[in-house]
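Please look over the model below before reading on. The points that follow take up the core, the chain contact and the domains.

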Amino acid sequence: MTKQIHLAAQLPGIHNVTVWPDPRSGSQIAVDSFVHLARTAERGRFDFFFLAEGLRLREHKGRLYELDVAGRPDNLTMLSTVAAVTTHLGVAATVNATFNEPYEVARRLATLDHLSGGRAAWNVVTSFDSFTGENFRRGGFLAEADRYTRAAEFLATTRELWDSWAGPDLRADPVSGQFVRPGAGEFAHRGTHFDISGRFTTPPGPQGHPVIIQSGESDAGREFAASDAEVVFSKYNRLDEARAFYRDVKGRLARYGRSPADLRIMPTATVVVADTDEEAVAYADEITRAQVSPQTAIAHLEAVWGRDLSAYDPDGPLPEIDPEPDSLVLKGHSVFRTGRAETARRWRALAGERGLSIRELVIAVHGGQTFVGSPHTVADAVDHFVQTDGADGFVFATHLTPGGLDDFVDRVVPLLQEKGVHRPDYTGTTLRDHLGLRRPTDTGRSSGNTREAS
Amino acid sequence: MSDGPLHLAVALDGAGWHPAAWRSHDAVPGALFTAAYWTRLVTEAERGLLDFVTLEDALGPQSAAPHRPDDRTDQVRGRLDAVLLAAHLAPLTTHIGLVPTVNVTHTEPFHVAVGIATLDHASRGRAGLRPQIAPRAADAGHFGRRTTPQLTDDDVRDPELIAERLRPLFAEATDVVEVARRLWDSWEDDAEIRDTATGRFLDGAKLHHIDFEGAYFSVKGPSITPRPPQGQPLVASLAHASTPYEFAARGSDVVLVTPRDRAGTEAILAQVDEAVDRVGRDERARPLRRFAELVVFLDDEPGAAIRRKERLDDLDGATYTSDALIFTGGSGELADLLLDWRAAGLDGFRLRPGAVPHDLTAITRRLVPELRRRNAFRTAYGTGTLRTRLGLPHPRNRYARPC
């Protein structure tokens, strides 16, 4: 059966994806940028618009990392604005389970679901890093091993809060004079990470529960995805490794009584479209070189080597000296935290094998665009990737803010629609409708028994 | 002060401030959790050219008692998050200020600052923050991270006693506002340099750790969000006693007070002045605007407003009382009262509509024209930010080197 492709757009708020020297590159913080990209995505009948999160500016060699395209909004707040100027597009945010509490996350997401008419989604992440913790009164309190137990309990607790109001609890009936049914919002959770009780403030939104997203490729992360998530983000956008990930994660669902259709797998990807394949390849190369500037190449190398390499020529060979595995020069980035000696060995081998300079190596390992070509080439490649079970769709991070998806939406989306693999128009109103996900079975008060007949 | 333009704000909460307001004939209680409901109210407030709206919020459901939860089912219970609600209203409005209430006892200071900075970006300089401490001990149980003082039935009869018992929470809230302001300043306006020669998007010398270390918490900084358009969004706080007057004198741009009459206005404003002196605030550099609060039931037909209020009292089974004076009457009388009190030194008022849409519409379509006839209210919005409208200077960035 032909699969329908699910599409999402992301406005980056850190790293080096944004090609800011391009004169078309606009503001990373102005509301117009978010509105432009979201409206473009909605015009292309995308499933949702996504904003990630980073709760501390990264630091490099003891200074604020000046190469980062940083400076982002509070994502849920901005998405609430975006929801006001769109009608169908889902709105998804990463919200950290370490530096928030279930009560506030549950009410903010329920609020977004109400205000958007059922379009909210939550990418659940945990962080254990004490560096980010310095921005918070609780500090970096979480042991690494406790990450997924906290995330799992956080999510379970949040669901209990959403379920603490049953649908019929909100009566608002001026005739009987009853606004709520007795016990609406009552909850008690006694667990390892959370021991809370009382009354929840916000009735569930149109989706019951916002859509739950998970990202992370570790074994524990995959298991969490299989048990609890409805969408999975991954970094695997090469078809071979994507298919392995897809097979593995979908294969885990049965253990939790779930079917493959209960979970959408959406790798992060980039796309470069031009009139011809040749032009697109040339433009993609230009984008990649702009993303990995000479300075960025050195900084990435320093992050792996754990030492100052500013004296090295980015167009020259890799350093002879060995990495310092215990020194962390780039703070606030999980990728470069562990296994750096091994990474350095791999990088050296790759550079030696292909005769790559420092910058060429960093481009080879980090850079490159996922889908490159004429509109037809890109449409075929995206479709092939999905139909051969590399993914259910993609999250496109844009290299230009805010116009980076204009070409894809104007030139590729119509081809996907012609192929019958992408909706010509929205058929539902909620994000669950777009993703083909069931509404969660209410586990709380609505399951039939209420404490008092009413 | 008393000869400048009168400033008017409305406080939106549920179906209005009377607990039975949702049972008024024109109420739409089933819509309280929809975007359309709030859009209609704020659009109406903007049509009246009001300075700003505030949105009530709390980290626990409403209760008939200020200090503990109750089991009543005949009043509005449940709310949307006020910051997200304000952000949703931002692109649907153009001029009006949006001032959500934010609990600062249980919310991380970093989240408070970044949320309001984002609202200011989203609204192009119309954001405010109404910091509120958690007066209900039960709300702490929703977080399980700390306990807060349990007020007694005796305490809640006297604002000074309440403030006395909650003094540590006010001290902590003072630190939260200080941290928010530092985080708002932590990006200098020109921190984003986009320097292609060096590949730097940011100038690290213009981004600042705030290194706040207080008695209650510490925050490193800088913010993740560039400096908001207003520099520092408006901070407005409600105050009924000496401790909260001092809290406002330290950190707020607008203090909201609750006098019962003209003489009371003078007495309270004297207390505010003393608090300003006590904390050493220089009002030439950092003006503090003084607003009085009123609950209003507004009908021009004689006796109609009081009858409406009494009918709601009957439905609720109790006479509605409030920390603020409850006004019932016509727009002419209300205009008289506002101008009389203002002469005591107020800059403006935050009106709490007893029932919406009725009393909100009465404010925008009756009171506002009445004030205009007396040359006491604007006939058009000017340009500029919410701070500009209130005559507040753009705050200098504490981290920027003077040039």
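Which residues have the most contacts inside the largest nonpolar core?

1. They are A:Phe49 and B:Val53, in a core of 254 residues. A nonpolar core is a set of buried Ala, Val, Leu, Ile, Met, Phe, Trp, Tyr and Cys residues joined through C-beta atoms within 7 Å; buried means 20 or more other C-beta atoms within 10 Å of a residue's own, with C-beta atoms placed from the backbone. Helix 6 (residues 167-185) of chain B gives the most to this core, nine residues. Helices are DSSP runs of H or I, at least four residues, and strands runs of E, at least two, numbered from the N terminus.

2. This is a predicted model, in which local features need pLDDT of at least 70 and side-chain atom pairs count only at pLDDT 80 or more, while totals for chains, interfaces and linings use all residues. Residues are numbered from 1 along each chain as its sequence is written, and chains are lettered from A and ligands numbered from 1 in the order written.

3. Between the chains, the contact takes 65 residues from chain A and 66 residues from chain B; residues are in contact if their C-beta atoms, placed from the backbone, lie within 7 Å. On the chain A side, helix 3 of chain A gives the most, with eight residues.

4. Chain A is divided into domain 1 (6-275 + 370-445) and domain 2 (293-366), with bounds from an automatic or database domain assignment. Their centres, taken over C-alpha atoms, are 31 Å apart. Each domain puts ten residues into the contact between them.

Conventions: Two residues are in contact if their C-beta atoms, placed from the backbone, lie within 7 Å. A residue is buried if 20 or more other C-beta atoms lie within 10 Å of its own, exposed if 12 or fewer, and partly exposed in between; C-beta atoms are placed from the backbone.
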